[in-house]
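Here is a briefing on one protein chain. Please read the points below alongside the sequence and the structure.

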Amino acid sequence: MTELDDDATEGQMADFFAAELSGDYGAWGIGIIEYYCSRCDMTFEFISDELQSYNPLIIGWHKKAKLGDYFSRFVFEYLAFIANLKNHICISAKSDRHAIQHLKRDSAREIRYIKLVMDNKLLRDMWVSVIKELDSNPLHNTSHDLDFPAIDGWWNNIGDHIDKSNNSRKGVVISLSDWGNMVEFWYGVRNNLFHGGKDPNIQRDCFLVERAYRTLAAFMENEIMSIPSAYKGF
């Protein structure tokens, strides 16, 4: 299995850890290959001949996410999520962060998901429990410094740059219609989990990862429905 470079993109990092977790080492190194040019601030993507469409992987990861512990489930669900996001929703995104910000501004998906939350009691209760937990203890980003985690400036933010003048409370989901911070919650849990900031033996971590998985899986169920039926039997 190819070693992970220090300058690997977030998308490559996700693929690497998922392949390592699943034992499917052959999955690393096929599909989309990203090259980032710091001088021109652009990411170039090349799709190998072995993988003409990401749809089978999106569906396969989504199905794998239905098995195992919630930490493993979230990893695979997030892989399906980010692959779908960068290949179907925001193809021009220069990074995972840009794609996440784009999704926050996607009013059509916001309306569909919030309606689903309101109509589905189990999903609604999941978000209510997240809102209560984060209200008492906001989500910090441990991916940069495990000893001194900070709260990202991307909360309450749908733009492509951090607004340092925004002094609103961060690290929380404010309400059942707070779409932007729901998306940020998924991304924040992903960052902490992929960079070692979540421990399956710590009750709060288990609580957050389980709810991140369940709430994201509900979003992905709707997304999978829009993928051509030819791939559904994968």
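**Helix α5**

At 1.5 Å a residue, the 13 residues of α5 should span 18 Å, and its end C-alpha atoms are 18 Å apart, which agrees. The expected span is 1.5 Å times one less than the number of residues. The model is predicted: local features need pLDDT of at least 70, side-chain atom pairs count only at pLDDT 80 or more, and totals for chains, interfaces and linings use all residues. Residues are numbered from 1 along each chain as its sequence is written, and side-chain values use heavy atoms, with hydrogens and water left out.

- Arg109, Tyr113, Ile114 and Val117 are buried in α5 (buried means under 20% relative accessible area, exposed over 50%, partly exposed in between; 1.4 Å probe, protein chains only).
- They cover an arc of only 125° around the axis, so they sit on the same side of α5 (the arc is that of the directions from the helix axis to the C-beta atoms).
- An α-helix has 3.6 residues a turn, so residues three or four places apart point the same way.
- Ile111, Lys115 and Asp119 are exposed on the other side of α5.
- The buried residues of α5 pack against α3 (70-89), α4 (96-104), α6, α7 and α8 (contact means heavy atoms within 4.5 Å).
- Aspartate 106 caps the N-terminal end of α5, with a side-chain oxygen 3.3 Å from the backbone nitrogen of alanine 108 (a polar contact is a pair of N or O atoms within 3.5 Å; within protein, one must be able to donate a hydrogen and the other to accept it, and residues adjacent in sequence count only if both atoms are side-chain atoms).

**Helix α6**

- The 16 residues of α6 (residues 121-136) should span 22 Å at 1.5 Å a residue; the end C-alpha atoms are 23 Å apart, which agrees.
- Asparagine 120 caps the N-terminal end of α6: one of its side-chain oxygens lies 3.0 Å from the backbone nitrogen of leucine 122.
- Buried residues of α6 include Leu123, Met126, Trp127 and Ser129.
- The buried residues of α6 pack against α5 (107-119), α7 (179-194) and α8 (203-225).
- Serine 129 has a relative accessible area of 18%, so this residue is buried.
- Leaving aside neighbours within four places in sequence, serine 129 is in contact with Phe207 and Arg211.

**Whole chain**

- The protein chain has eight helices and two strands (DSSP runs numbered from the N terminus: helices are H or I, at least four residues; strands are E, at least two).
- Along the sequence, the pattern is α-β-β-α-α-α-α-α-α-α.
- Of the 234 residues of the protein chain, 49% count as buried.
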